[in-house]
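Please keep the sequence and the 3D view open while reading.

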Protein chains: 2
Amino acid sequence: MISELAILNCFQHLVANKTDKSIVVGSGDDAAVIKSQDKDLVHSVDISKINTHFPHDSRPEDIAYRSIAVALSDLAAMGAYPSFISIGLTSNSSNLNWYKKFTSGVEKILNEYQIQLVGGDVTNGEISICVNVFGYAYEKNILRSTAKIGDLIFITGPLGEGRKGLADWNKKEKSQYVKKFFYPEIPFEKSEYISKYATSCIDISDGLIKDLGSICKKSGVGAEIIFENIPITNDIDDLSYGDDYKLCYTCSPNKIDNELISRDHLIGKITSQKEIIVKKENLIFDLKKSGWDSFV
Amino acid sequence: MISELAILNCFQHLVANKTDKSIVVGSGDDAAVIKSQDKDLVHSVDISKINTHFPHDSRPEDIAYRSIAVALSDLAAMGAYPSFISIGLTSNSSNLNWYKKFTSGVEKILNEYQIQLVGGDVTNGEISICVNVFGYAYEKNILRSTAKIGDLIFITGPLGEGRKGLADWNKKEKSQYVKKFFYPEIPFEKSEYISKYATSCIDISDGLIKDLGSICKKSGVGAEIIFENIPITNDIDDLSYGDDYKLCYTCSPNKIDNELISRDHLIGKITSQKEIIVKKENLIFDLKKSGWDSFV
């Protein structure tokens with residue numbers, strides 16, 4: 001049995017300290033103290049669990065990176081940049097090396113996004129990571145509830161890469177997609193850019209149909225999307241599968257500029273009917289027959 | 001299998017919304033947005049797990065209350081008042097009533113401390129609650145690292161009540177102590193009062209010896225405590241057992257007023273030797289013989 005102290009020591013070099021200008025009290029006290037910013041705090045919690053959110057044979061460094069990345073995705077979806085995180089780690093590994101590798105994954109993503117780890121807790125049990133993310137709006141927060149009828153719908157990248165990556169991992173196949181599953185790139189630059197234009201936004205974590213459905217439900221609208229316009233990796237089920245962490249956003253047609261069109265994928269428009277319609281070869285694709293709900 | 005949505009719906013009435021003046025974006029979006037306060041943010045994470053932090057047969061409402069209370073304790077130890085929390089809940093209960101009872105425990109403590117639930121996540125697995133607490137200093141944060149040689153050491157209440165409560169629960173005995181285990185009272189009023197005087201502070205969650213040891217270690221000092229001055233419930237092992245959530249703080253003798261003395265228990269003083277000495281009947285009690293480390 002490894003002591004809690006030995007595990008915490010693995011994290012010691014990563015935890016923000018007073019030399020970081022935004023940190024008043026860093027590691028080693030009852031709580032962290034983060035310097036007041038003249039900006040509203042954007043905060044989200046995300047739990048990633050073994051067998052549910054990542055395969056049982058995932059490497060600790062991959063688990064760490066992915067669980068933090070998917071939590072950060074919620075900030076990007078809000079038009080917010082990340083500033084700091086804290087982690088509640090549950091693990092039953094009795095190998096100190098597991099924790100060292102886990103912290104190397106934490107360190108990698110902290111460096112990539114220039115964010116700080118301000119604290120956390122560890123306990124013994126089936127591997128689960130509760131990641132708390134904190135950030136501030138680039139310009140304004142982009143909500144789910146503010147899409148308007150007639151808005152155009154964009155996604156920031158192809159769907160299904162995460163799904164294929166997980167399938168490849170399970171088949172022990174090495175592919176570029178495995179990396180996309182464990183190391184999803186969170187589109188903060190896009191988030192900053194679209195926060196000037198977008199009327200609503202969500203990250204595609206649960207699948208386009210469900211996530212766009214959430215925008216529709218919260219905004220009291222519907223959507224019509226054209227299957228042929230959606231870049232997919234596998235097949236139509238990519239529309240209902242998650243794990244992509246691309247953004248889905250809406251934008252008034254009057255606000256669309258060439259840069260927006262050239263960067264992202266225009267996949268449909270917001271309608272007044274309170275349902276999602278997928279058109280494939282100009283025919284309405286029956287979502288319910290595919291076992292999908294229209295979620296609105 | 002209950003859907004995640006059904007579980008989240010149990011929490012819906014509790015999650016802060018825009019009518020709360022400190023909340024910009026409440027439930028139902030990718031993240032919560034908390035209004036900027038002109039104060040540094042105090043933040044801590046605490047995981048409470050079944051079989052480790054509470055008995056396997058605990059009631060859901062008791063689990064909820066206790067896991068939030070013990071997390072709040074870290075704020076009190078920092079001289080901070082609580083403002084809002086978020087929760088990462090893992091549970092394998094397939095009974096919706098379990099979640100309803102759990103939320104009733106959450107609601108009870110939110111009301112008692114007048115704090116807001118701003119968000120969270122739920123997932124399936126062995127019962128575990130990752131509680132994130134947020135607050136602001138009453139006056140100034142009280143750290144672990146700032147005890148001075150010659151300071152007096154106080155604790156804010158008796159030790160061992162939680163230990164006896166847990167033992168009584170396990171013996172199916174109904175006693176006032178069971179309530180003290182599941183419903184520890186977090187001493188925020190005391191925290192506010194002593195934040196004017198204290199040179200250092202910690203909450204007694206891991207046992208007095210270990211927690212006072214942490215103050216000594218961080219401050220580069222030692223301590224001498226008089227066993228007879230410490231109000232205990234059971235026996236001397238109460239000094240090394242946690243679960244009390246009283247505060248242990250140090251204070252310069254020049255700053256002590258009668259109010260402080262009459263409210264709390266003066267148990268010893270900070271010394272220059274880097275160890276903790278317990279005196280019992282004027283003899284030095286051998287901590288190591290009791291299986292304790294002096295932790296300094």
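Two residues are in contact if their C-beta atoms, placed from the backbone, lie within 7 Å. The model described here is predicted.

**Nonpolar core**
- The largest nonpolar core holds 175 residues, and Ile68(A) and Ile68(B) touch the most other members.
- Leaving aside residues up to four places away in sequence, Ile68(A) touches Ile85(A), Val106(A), Ile109(A) and Val131(A).
- In soluble globular proteins, nonpolar side chains tend to be buried together.

**Helices H1 and H3 of chain A**
- Helix H1 of chain A spans residues 4-11 and helix H3 of chain A spans residues 96-113; their axes come within 9 Å and cross at roughly 25°.
- Because angles under 35 degrees count as roughly parallel, H1(A) is roughly parallel to H3(A).
- The crossing of these two helices, H1(A) and H3(A), is right-handed.
- On the H1(A) side the meeting residues are Ala6(A), Ile7(A), Cys10(A) and Phe11(A), and on the H3(A) side they are Leu96(A), Tyr99(A), Lys100(A) and Thr103(A).
- Sorted by class, this contact between H1(A) and H3(A) has 6 nonpolar, 1 polar and 1 charged residues.

**Helix H4 of chain B**
- In helix H4 of chain B, residues 161-170, the buried residues are Glu161(B), Gly162(B), Arg163(B), Lys164(B), Gly165(B) and Trp169(B).
- Helix H5 of chain B, residues 176-182, is what the buried residues of H4(B) pack against.

Technical notes:
Residues are numbered from 1 along each chain as its sequence is written. Chains are lettered from A and ligands numbered from 1 in the order in which they are written. This is a predicted model: local features need pLDDT of at least 70, side-chain atom pairs count only at pLDDT 80 or more; totals for chains, interfaces and linings use all residues. A nonpolar core is a set of buried Ala, Val, Leu, Ile, Met, Phe, Trp, Tyr and Cys residues joined through C-beta atoms within 7 Å. A residue is buried if 20 or more other C-beta atoms lie within 10 Å of its own, exposed if 12 or fewer, and partly exposed in between; C-beta atoms are placed from the backbone. Axes are lines fitted to C-alpha atoms, for helices over the stretch in contact, and angles run from 0 to 180 degrees between N-to-C directions. Helices (H or I, at least four residues) and strands (E, at least two) are DSSP runs, numbered from the N terminus. Angles under 35 degrees count as roughly parallel, over 145 as roughly antiparallel, 65 to 115 as roughly perpendicular and the rest as oblique. A crossing is left-handed if the near helix is turned anticlockwise from the far one by less than a right angle, and right-handed if clockwise. Ala, Val, Leu, Ile, Met, Phe, Trp, Tyr, Cys and Pro count as nonpolar, Asp, Glu, Lys and Arg as charged, and the others, Gly among them, as polar.
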